[in-house]
Amino acid sequence: MCTLEKRGQLFLLKLAGDGEHRLNPTLLDSITSAITQIRSDPSSSQSVLITTSDGKFFSNGYDLALADSDPSLRVVMDSKLRSLVADLISLPMPTIAAVTGHASAAGFVLAMSHDYVLMRRDRGFLYMSELDIELVIPPWFAAMIRMKIGSPAARRDVMLTAEKVTAERGLEMGIVDSSYGSAAETVEGAVKLGEELVRRGVDGHVYGGMREALLKQVLHTIGSNESVSNRMRNSGSKL
Amino acid sequence: MCTLEKRGQLFLLKLTGNGEHRLNPTLLDNLRSAITQIRSDPSSSRSLLITTSDGKFFSNGYDLALAESDPSLRVVMDSKLRSLVADLISLPMPTIAAVTGHASAAGFVLAMSHDYVLMRRDRGFLYMSELDIELVIPAWFVAVIRMKIGSPAARRDVMLTAEKVTAERGLEMGIVDSSYGSAAETIEAAIKLGEEIVRRGVDGYVYGRMRETLLKQVLHTIGSNESASNRMRNSGSKL
C-alpha cells in the first residue's frame, strides 16, 4: 500500500497504486511502519523524507465507506492519523510532500503535515471537503489549518467554502511552496530540494525538536481528547 | 435601533438612524433579539446574514458616556457584546458586514465578527481607538484581532498605533475582502455576494459548526473571565 525507497540521503515514501489512497487503518499502519523504519535507519539524522503517490490521488481522505459499515473505525482512523501526524511533526529530518494528485480532507492534512509542499499545477487540487459532505472537521484539523495557512481569509475559503485549491491558489495562500508542470517534474523538484536540504548538513534531531517547538499548538490539540465532542452525521451524508 | 428585513434567503440587519450606533445595553439587546429571530426562522439553515447601518457610523463602539455615569454598565456592555459575538460565531449561516461608516473599537470588533467584510472606500475607517482614549482593550478583543488579522505588523498597526484603517489599507491587511465606491454600492455587493453564497446550497448547521471549530480560540477567550484583570482608567480619559 505504500513503498519506501532510499536514494542517497533521501527517503522516498510512496502511496502506491492507482486508487484513492484512502487513509484506512491498513494504509495508516503501513505508513506508520515506514516512518518507524526511517527513524531506525542509522543515517536518519542527516536525511530528508519525500512523500508522494502514484496515480490521480495523493489521498482522498479517510475511508468513509468503511466507517459507514463499521462506525467504530472512525475513531480508529482518526487515532492512527493523529499518531502519524505527531510522528511526522517530531521526525528528525526535513519533510517534503510532492503532491502529484488530489489531496482531500485527511489527505490534505497529511500533505500539510510536511515542511514543504510541492505540487503539480497541470491538474489536481487540495480540498477540505467536509463542508460539502456535511461533516464537521475535528479540532486538530483546524489547528493544522491555522498553523499552516496564515491568512484568515484563506482559512475561511478553505474551511467554510470548501474551495478546490489549485497549485496556483495554493501558492497565493502560502500552502504550496512551488508548483510544477507535471507529476514527474514535481517529484524531480522534490528530489532536488531534498538534496539541497541534505547538503546544508543540519542535525536532524535538533531540526525535529525545533519543528515540535514551532508546531506546539498542533501537537497539543492532537493530544487532546476533543474528538469525543465531535459529532459526525451517521446517515444521509452525501458521499 | 436596529431593523431586521428578509429579502429572499438574505437577512438584512441594519443599525438604524443617523447616530453613532453606540453599543449600549439597549442596542446590544436589540441586536441579540434580532439574531434570535433569525435563528428561529425555519429556513435559516439555507440563509445568510448581512449587517449594515444607516448614516456616518457603522458603530462607534461602547457607550462610554453611559459607562462614565454608571461604571457597572461597563461589565454589562462587555458581557452582552461577548454573547452577541459568540452568537455570530455559531450562527448557522454565512455572515457579511457591509461597512458603510466608521467602525471603532467594539464597533470594529463587531464588523470583524462576520465572515466577510465589505467596505466603502470613499470615506470611513476601521479604528481600534482605545490607545487614543487611554483604555486597554480586553483580551477577547485581541483574540478577535489575532484571528482576523494575519500579519503581525498589521496587528501592531491596528492595536499599537490606533491606525485609522481605510478600505484600501483594510484590503492590504486582509481585514476587508472588497471595497466599493459608495455606501449603496457596498450594500449592493453584499447582496450579490450573499445570493452567490446561498446558491451554493451549503448546510448552515454544518457551516456554523465549522466556523466555531475554526474560531475556537476566540470562543475560548470570550468565555474566559479575563476582563476581571483588565484595568481601565476611570477618570481623566479623553472622551
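Between them, chain A and chain B bury about 2,000 Å², with 60% of that area on carbon and sulfur atoms. Keep in mind as you look that this is a predicted model. In terms of contacts, 24 residues of chain A meet 19 residues of chain B.

Helix H5 (139-148) and helix H6 (152-160) of chain A each bring at least two residues to the side of chain A that touches chain B. H6(A) gives the most to that side, with 6 residues. Sorted by class, the side of chain A that touches chain B holds 11 nonpolar, 5 polar and 8 charged residues.

Now zoom in on the salt bridges. Between chain A and chain B there is 1 salt bridge, and it joins the side chains of Arg156(A) and Asp177(B), at 2.9 Å from N to O. Arg156(A) also forms a salt bridge with Asp157(A), where the closest N and O atoms are 3.2 Å apart. Both of these chain A residues, Arg156(A) and Asp157(A), are buried.

Arg156(B) forms a salt bridge with Asp157(B), the closest N and O atoms lying 3.1 Å apart. Are these two partners buried or exposed? Arg156(B) counts as partly exposed because its relative accessible area is 44%, while Asp157(B), at 14%, counts as buried. Salt bridges that share partners also build a network, joining Arg156(A), Asp157(A), Glu163(A), Arg169(A), Glu172(A) and Asp177(B).

Over all chains, the whole structure has 29 salt bridges. One of them links the side chains of Arg7(B) and Glu5(B), at 2.9 Å from N to O. Arg7(B) is partly exposed, at 41% relative accessibility, and Glu5(B) is partly exposed too, at 38%.

Let's turn to the interior. In soluble globular proteins, nonpolar side chains tend to be buried together. Here the largest nonpolar core has 139 residues, and those with the most contacts inside it are Leu81(A) and Leu81(B). Helix H3 (residues 72-90) of chain A gives the most to this core, with 7 residues. Leaving aside residues up to four places away in sequence, Leu81(A) touches Leu23(A), Leu28(A), Tyr62(A), Ala106(A), Trp140(A) and Phe141(A). There is also a second, separate core of 12 residues, including Ile96(A), Ala98(A), Leu118(A) and Tyr180(A).

Finally, two backbone details are worth a visit. Ala162(A) has a phi near 50°, a positive value in a residue other than glycine. You will find Ala162(A) in the loop between H6 and strand S9 (164-165) of chain A, and Ala162(A) is buried, with a relative accessible area of 6%. In chain B, Ala105(B) has a positive phi of about 50° although it is not a glycine. Ala105(B) sits in the loop between strand S6 (102-104) and helix H4 (106-112) of chain B, and it is buried, with a relative accessible area of 9%.

Definitions and conventions:
Residues are numbered from 1 along each chain as its sequence is written. Chains are lettered from A and ligands numbered from 1 in the order in which they are written. This is a predicted model: local features need pLDDT of at least 70, side-chain atom pairs count only at pLDDT 80 or more; totals for chains, interfaces and linings use all residues. Side-chain values use heavy atoms; hydrogens and water are left out. Contact means heavy atoms within 4.5 Å. Buried area is the accessible area (1.4 Å probe) that two parts lose on being put together, summed over both. A salt bridge is a side-chain nitrogen of Lys or Arg within 4 Å of a carboxyl oxygen of Asp or Glu. Helices (H or I, at least four residues) and strands (E, at least two) are DSSP runs, numbered from the N terminus. Ala, Val, Leu, Ile, Met, Phe, Trp, Tyr, Cys and Pro count as nonpolar, Asp, Glu, Lys and Arg as charged, and the others, Gly among them, as polar. A nonpolar core is a set of buried Ala, Val, Leu, Ile, Met, Phe, Trp, Tyr and Cys residues joined through side-chain atoms within 4.5 Å. Buried means under 20% relative accessible area, exposed over 50%, partly exposed in between (1.4 Å probe, protein chains only).
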